[in-house]
Amino acid sequence: MAFDPTIVPDYNDYYDRIKQIKEKKFVELLQQFYDETPFRPFYKAHHPLYQECEQAMQKVVDTIDFGWYDTFFGPRGNKHFNISLGILIGPANYAINKMHKDGSETIYAMMGCCDRDKNGQIYYGEAYTIPIIIHECNHSYCNPLNEQHWTSIEKKAKELFTPNAKFYASIAYGSPLYVMNETFVEACVIRYLMQHPIDMNGYTLEDLIEMDETQKKFVLIRDIIKVLEEREAHPDLYPTMADFMPRYIQTVNAFELPQRYAPQIVLTGDEERM
């Protein structure tokens with residue numbers, strides 16, 4: 001199997017998702033799969049479908065302002081964006097990074113399956129697709145900032161996480177850091193959509209915020225959205241998001257959990273259950 005000689009082979013992205021020994025085993029199994037199955041003719045036979053998906057996604061991607069990242073987070077040269085289509089992974093979406101030996105970085109938004117419109121054509125609706133792409137690419141910017149300043153927000157993050165730890169784990173956010181990353185990322189998605197309005201198929205930004213706040217329990221979302229407005233309004237004071245982190249940290253630590261977001265306690269005899 002051929003590998004890209006330009007990448008840094010031992011680079012771990014922000015979730016450190018797979019240990020090296022398992023990564024090597026996976027590559028071996030992948031090569032075995034390729035050798036022992038008719039994958040190549042399968043791929044060729046479905047190439048027209050893949051092209052149709054690429055063309056449909058390109059229509060959406062062409063409307064995205066990727067220059068916003070340098071404006072909003074601050075210039076970070078040698079970053080490249082890549083949208084990868086995983087039409088066999090269902091509705092899942094995720095992000096990965098690839099670091100190159102020349103210091104450049106490729107950010108991948110891995111997008112799940114698509115839909116078909118009323119005419120049977122492959123279709124990626126912008127109301128769903130654009131926020132997801134922005135979200136996944138945001139991780140490359142937001143996660144390192146949270147990790148760099150984690151000791152400054154860890155106490156508050158754990159305080160907000162602990163009462164609903166089982167819930168967060170059930171939606172794949174099983175640590176305070178993951179929840180803080182997702183909250184920061186989602187707040188930045190909202191700031192993008194405020195500057196770049198799209199047809200949201202009947203939904204509003206308030207609907208998105210409400211879903212993040214109540215369905216995902218990103219209880220800090222409104223406060224972070226609001227404080228990020230200061231970053232946009234005062235680029236002279238905060239040339240980059242890194243310069244803005246003291247205000248972000250201040251906002252996180254000042255937050256008090258409203259009673260409506262506290263977990264409900266159900267008493268059953270001598271048992272106390274959350």
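Reader: Hi! What should I know about the model and the numbering first?
Author: It is a predicted model, where local features need pLDDT of at least 70, side-chain atom pairs count only at pLDDT 80 or more, and totals for chains, interfaces and linings use all residues. Residues are numbered from 1 along each chain as its sequence is written, and side-chain values use heavy atoms, with hydrogens and water left out.

Reader: Great. How do H6 and H11 cross?
Author: The axes (lines fitted to C-alpha atoms over the stretch in contact, with angles from 0 to 180 degrees between N-to-C directions) of H6 (residues 150-161) and H11 (residues 241-254) come within 9 Å and cross at roughly 20°. The two helices (DSSP runs of H or I, at least four residues, numbered from the N terminus) are therefore roughly parallel (an angle under 35 degrees).

Reader: Which residues make the contact?
Author: From H6 they are Ser-152, Ile-153 and Lys-156, and from H11 Tyr-248, Ile-249, Val-252 and Asn-253; contact means heavy atoms within 4.5 Å.

Reader: Switching topic: how much space lies in the second largest pocket?
Author: About 790 Å³, counted as the space filled by probe spheres set on grid points joined across faces, edges and corners. A pocket is an open set of points on a 1 Å grid over the protein atoms alone, where a 1.4 Å probe fits, with protein on both sides within 12 Å along at least five of seven lines.

Reader: And which residues lie nearest its centre?
Author: Tyr-128, Ile-132, His-135, Glu-186 and Lys-216, out of 30 lining residues, meaning those with an atom within 4 Å of a point.

Reader: Which helix gives the most to that lining?
Author: H5, with seven residues.

Definitions and conventions: Parallel < 35°, antiparallel > 145°, perpendicular 65-115°, else oblique.
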